[in-house]
Amino acid sequence: MAALADLMPCPAKWPGAAMAALAAAVFAALDVVDVLLCLVYGVLDGFLEESPLGCYCHRNRGKAAATGEEEADGVSDTLYVRRSACRDALLRLLGPVGGGTRRKEDASPAKARSPRWSDCGCGKCGKWWSNGGDRLHFVLQEPTAPNKGAEETRSESDRGDDAIFIHGFTSSSSFWAQTVFPEPAAANHRRLIAVDLLGFGDSPKPANCAYTLRDHVEAIERSLVDPLHLGSFHLVSHSMGCTIAIALAAKHPARVKSVTLVAPLYFLPCEERASQVALRRLAEKKLWPPLLFGSAVMSWYEHIGRTICFVVCKNHRFWEWLIKILTRTSGVDIVVRDLTRHTHHSAWHTMHNVICGGARAQDRNLEALAAAGVPVRVVHGDADQVVPVECSSRHLKSKLPHAELRVVGGRDHRTVVFGREEELAQELRAF
């Protein structure tokens, strides 16, 4: 009896055990739905696309990971290895009939059509494709002149004080351009440049791109750093954008004057792969809070995520119209609008190859910043439920002891910027 009692959870733990059991049942059901959608999209893509991109359900990354190819091409192992006993069993069972969903390893990605049939093809979303350009969209704000003629007399050396602002996941340049940029303290004597990352906002969203950390860094270089002749510059970033900013600064340590990281993603090294740690910590399979549940669904289930993007992103004009009618306003909140300004392909690959896969390069890049003595300032809200504050206060601080840390009380992942724009602008100016 004593042994039996040891196996049963005590009454105080029953609510937690019940929630865990319910979560296991819900995610097992989602496993089944995702596998069935894999078959559906395999058939539809075969009919509607000349060169179907396929999915990662039936692909094996073991050989590439063993030979080091994964490290070389920047593709995360989380695209191939998302541990789920139910999902793996179903895929093995349906493997013989699921061949239509497989991505052809020898197919040329250049043949991939943009936009895909499940993406929005409206004039605004497809503008980059019709123009045939590969440059990122960005918002450039010139410095405010204290008196007439000040802009004309601005020297070339002053232009080195420009600042590049990098947004986070499923966001856009509006995150910075409509918050910090209007503040007088931010624009004094410097150009402010807010960029739409590759695959988001009004920037290109090619279907033949893996959206690796290297892809994002090179896109910023060819769209901003080189064309605008940025000899030196500051970097300000939020959330996932911090990973890209750190990589860009590590590549150009002599040109970067300072790096400000707002709610950065970083976890201390351990025996498990860094990419798997990031996936488990940032998209844990839990039902509560709702934001974490949504993150888990979009990160673990490729085909359910594609379906959500098909319903929401492809039809964003309808949803924006409906929101305006229901709220009786003439515009849509930038956070809501930005959630629809991407494709599933760009968001799915950026999530895994930058947020998860980029974790592999974090230590190396942070060591480069420390060795170069680049000033780093970290800002994090102590109420952040998306990226735990310990990522900054304990993990990142241990890696960059010289970094200046600012923990903002009562602020979460979004309100660490929204609602304190003036304060943040003054902090940036002082740093």
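I started at the sheet and found Leu235 standing opposite Val259 in S5. Val236 stands opposite Thr260 in S5. For the record, this is a predicted model, where local features need pLDDT of at least 70, side-chain atom pairs count only at pLDDT 80 or more, and totals for chains, interfaces and linings use all residues. Residues are numbered from 1 along each chain as its sequence is written, and side-chain values use heavy atoms, with hydrogens and water left out.

**Sheet**

I looked up how S4 and S5 pair: they run in the parallel sense over six bridges. Pairing here requires that DSSP finds at least two bridges between two strands. Helices (H or I, at least four residues) and strands (E, at least two) are DSSP runs, numbered from the N terminus.

Next I traced the whole sheet. It is open, has seven strands in the order S1-S3-S2-S4-S5-S6-S7, and its pairing is mixed. S1 (138-141) and S7 (404-408) are the edge strands, each pairing on one side only. Neighbouring strands are turned by 15° against each other on average, direction ignored. I take axes as lines fitted to C-alpha atoms, for helices over the stretch in contact, with angles from 0 to 180 degrees between N-to-C directions.

How covered is S5 (residues 256-262)? Six of its seven residues are buried. Buried means under 20% relative accessible area, exposed over 50%, and partly exposed in between (1.4 Å probe, protein chains only).

**Core**

I then checked which residues touch the most other members of the largest nonpolar core: Ile166, Leu235 and Ile244, out of 66 residues. Helix H9 (residues 240-251) gives the largest share of this core, eight residues. Such a core is a set of buried Ala, Val, Leu, Ile, Met, Phe, Trp, Tyr and Cys residues joined through side-chain atoms within 4.5 Å. There is also a second, separate core of 22 residues, which includes Val180, Val262, Val417 and Ala425.

Back to Leu235: leaving out residues up to four places away in sequence, its contacts include Ile164, Ile166, Ala245, Leu248 and Val259. Contact means heavy atoms within 4.5 Å. H9 itself lies across S2, S4 and S5, running at about 155° to S4.

**Helix pair**

I looked at H11 and H12 (residues 302-312), whose axes come within 5 Å and cross at roughly 110°. That makes H11 roughly perpendicular to H12 (under 35 degrees counts as roughly parallel, over 145 as roughly antiparallel, 65 to 115 as roughly perpendicular, the rest as oblique). From H11, the contact uses Val297, Met298 and Trp300; from H12, Glu302, Ile304, Gly305, Ile308 and Cys309. These divide into six nonpolar, one polar and one charged. The classes are Ala, Val, Leu, Ile, Met, Phe, Trp, Tyr, Cys and Pro as nonpolar, Asp, Glu, Lys and Arg as charged, and the others, Gly among them, as polar.

Where is the cis peptide bond? It joins Trp288 and Pro289, with omega about 0°. Pro289 is in the loop between H10 (274-282) and H11 (290-300).

I also noted two positive phi values. Thr170 has one of about 45° although it is not a glycine, and lies in the loop between S2 (162-166) and H7 (174-177). His229, also not a glycine, has phi near 55° and lies in the loop between H8 (213-225) and S4 (233-238).

Are these two buried or exposed? Thr170 counts as buried because its relative accessibility is 17%. His229 counts as exposed, at 69%.
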